[in-house]
Amino acid sequence: MPEDKLDVITIGRASVDLYGQQIGSRLEDIGSFAKSVGGCPTNISVGTARLGLKSALITRVGAEQMGRFIIEQLQREGVETAGIVSDPDRLTALVLLAVEAEGVSPMIFYRTDCADMALNEADIDEAFIASARSIVVTGTHFSKPHSEAAQLKAIRIAKANGRKVVFDIDYRPNLWGLAGHAAGFERYVKSDYVTGKLKPILKDCDLIVGTEEEVLIAAGGSDLVGALKAIRAVSEATIVLKRGAMGCIVYDGPIPDDLEDGIVGQGFPIEIYNVLGAGDAFMSGFLRGWLKGEPHATSATWANACGAFAVSRLLCAPEYPSWAELTHFLEKGSSERALRKDVVLNHIHWATTRRKAWPKLTAFAIDHRKQLEDIAGDQLGRIPAFKVLAVKAASEVAAGRDGFGMLLDDKYGRDALFAAPKNFWIGRPIELPGSRPLQFEFSQDLGSRLIEWPVDHCVKVLCFYHPDDPAELKTEQAEKLTAAYEGARKVGRDILIEIIASKAGPVDDTTVAHALGELYAAGLKPDWWKLEAQPSAAAWEKIDQVIEANDPLCRGVVLLGLEAPEAELARGFAAAKGSRTVRGFAVGRTLFADAAKAWFAGKMSDEAAVADMAARFRRLVGIWEQ
């Protein structure tokens with residue numbers, strides 16, 4: 001038997017889902033949409049990967065931007081994409097969806113001659129199928145001859161190699177041409193033709209999963225008990241009957257006359273917000289247990305819990321829980337019937353499904369406004385061009401490597417933001433320079449501003465905060481930081497909080513750790529902290545302990561410079577290298593101040609400014625990496 005490289009390969013639909021963001025609206029009235037990957041097998045590939053299984057997807061996508069989005073997002077999720085074909089002749093499928101009322105989600109499928117339905121036998125690689133412990137075939141792809149042939153080939157290979165075959169019946173009548181374009185939410189239309197296509201699949205399956213309507217269409221007839229017994233007559237597979245809010249029942253032997261006599265898992269009474277994608281989340285949870293050899297009741301419990309997460313949130317795959325999130329929920333539950341309102345679960349979800357890991361970060365900070373205005377004098381119009389030179393310097397040092405980034409601002413950094421390499425970490429400030437108490441720059445309404453930023457850009461907010469500040473000042477600052485934190489989370493952006501205590505009072509080995517403790521107590525859990533160099537290793541140990549106690553999922557700390565000389569920064573780096581949470585630095589004036597003064601004075605060319613800043617950045621990176 002071939003080596004098991006994968007736990008599961010899913011086969012079939014892959015689409016871009018566009019979800020209406022105005023809840024309670026007709027699809028006709030939606031004003032904006034949120035984008036995510038979609039399609040039953042695509043969702044399951046993501047859901048199982050998040051639960052720790054090694055998953056892959058076989059499908060086709062268009063050789064265009066939406067197809068590349070699906071591939072790139074799956075790669076971010078840890079899904080193997082070697083089985084995805086980019087089709088130059090067809091477009092990626094799209095789905096438009098809305099949540100009109102509880103349990104009512106109208107949708108329109110844009111799938112005319114779409115890429116995934118062009119899947120054919122040539123796309124099924126024998127070695128690839130044989131490398132997985134199981135495959136998941138899906139109902140829709142038995143609706144066309146070539147995609148049907150592809151799935152049948154995959155089943156033959158799996159059976160020949162002793163692999164498990166899972167059948168997600170996944171019945172949507174309008175994808176079989178049985179309902180109009182406006183009937184995307186329609187769940188059941190009786191069809192002998194569809195039954196004739198699906199019923200022959202049952203004999204080769206090890207696991208069959210479907211709703212009551214899907215069991216009826218797969219087996220034929222209108223009686224649920226009779227349909228289940230008809231399936232059992234041709235298949236020894238474990239059968240999982242999904243029952244929506246009532247959870248599921250598992251049948252692993254003869255079908256009882258009383259359907260309640262099957263195996264059930266724990267249920268989770270929660271608010272139903274959006275039912276779309278819940279079945280795929282359910283399947284992901286069940287597969288995690290089933291493929292790991294857990295009792296069916298445990299697999300069913302995990303499946304029910306994953307479904308509960310999905311119906312309590314808006315989107316499909318992006319809302320599915322990670323393993324850490326699921327285990328926390330199973331162990332500790334939630335005080336919220338609407339799981340999307342549980343701040344603890346939301347933080348675990350956010351922190352365990354981030355788009356990219358940054359184990360190291362060395363950043364050139366040139367988000368300065370006031371300092372460059374002072375240097376530029378009456379040449380404010382030249383500041384944007386100087387920031388572009390800084391990007392060139394940082395890019396030269398990075399040389400295409402990951403782990404590099406920049407802090408750039410909206411006021412003078414627009415051209416620099418466009419010029420920055422796509423693999424750079426980018427942080428953007430929102431604070432009014434020098435404000436204490438903290439105020440936001442331009443407008444106190446963050447939401448409308450942040451929604452325009454690229455999704456990978458990080459919100460950066462600087463606060464002059466000291467634990468010895470008056471209580472009312474600390475409360476005001478914490479409330480402003482909370483507004484920034486909640487705004488970032490609402491629009492799906494990382495946030496970095498920069499704390500400078502030395503400008504507001506004396507600092508010792510406990511000062512910054514005390515400040516962070518107070519901010520954690522206020523409910524803040526930023527992705528990053530940006531902190532001053534500390535006076536000792538003991539100070540860093542205290543900071544590490546505070547972060548680890550309050551948010552072990554924090555990305556970490558980057559050091560700031562405050563225009564310190566290079567030798568002083570080197571000493572600060574050395575003190576921080578033993579820290580468990582420090583990931584790098586984000587230093588500015590030490591790198592650009594001298595070049596800026598000479599360049600604005602007309603004493604340094606563009607090329608010389610780039611060379612000077614690059615040399616300083618390169619030396620600092622070298623010191624850090626020693």
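Which residue takes a positive phi just after helix 6? The legends below, drawn from a predicted model, begin with the surroundings of that residue.

**View 1. The end of helix 6 and the residue that follows.** Helix 6 spans residues 212–219. Just after this helix, Gly220 adopts a positive phi of about 85 degrees.

**View 2. Burial of helix 6.** Six of the eight residues of helix 6 are buried, so the helix is largely enclosed by the rest of the structure. The buried residues are Glu214, Val215, Leu216, Ile217, Ala218 and Ala219.

**View 3. Packing of helix 6 with helix 7.** The axes of helix 6 and helix 7 (residues 224–234) lie 9 Å apart, at an angle of about 55 degrees. The two helices are therefore oblique to each other, and helix 6 passes helix 7 in a left-handed crossing. From helix 6, Glu212, Val215, Leu216 and Ala219 meet Leu224, Ala227, Leu228, Ala230 and Ile231 of helix 7. Classified by residue type, this contact comprises eight nonpolar residues, one charged residue and no polar residues. An α-helix has 3.6 residues a turn, so residues three or four places apart point the same way.

**View 4. Pairing of strand 8 with strand 9.** Strand 8 (residues 134–138) pairs with strand 9 in the parallel sense, over five bridges. Phe167 in strand 9 is the bridge partner of Val137. Strand 9 covers residues 164–168; four of its five residues are buried, so this strand is largely enclosed by the rest of the structure.

Notes
Residues are numbered from 1 along each chain as its sequence is written. This is a predicted model: local features need pLDDT of at least 70, side-chain atom pairs count only at pLDDT 80 or more; totals for chains, interfaces and linings use all residues. Side-chain values use heavy atoms; hydrogens and water are left out. Axes are lines fitted to C-alpha atoms, for helices over the stretch in contact, and angles run from 0 to 180 degrees between N-to-C directions. Angles under 35 degrees count as roughly parallel, over 145 as roughly antiparallel, 65 to 115 as roughly perpendicular and the rest as oblique. A crossing is left-handed if the near helix is turned anticlockwise from the far one by less than a right angle, and right-handed if clockwise. Contact means heavy atoms within 4.5 Å. Ala, Val, Leu, Ile, Met, Phe, Trp, Tyr, Cys and Pro count as nonpolar, Asp, Glu, Lys and Arg as charged, and the others, Gly among them, as polar. Buried means under 20% relative accessible area, exposed over 50%, partly exposed in between (1.4 Å probe, protein chains only). Two strands pair if DSSP finds at least two bridges between them.
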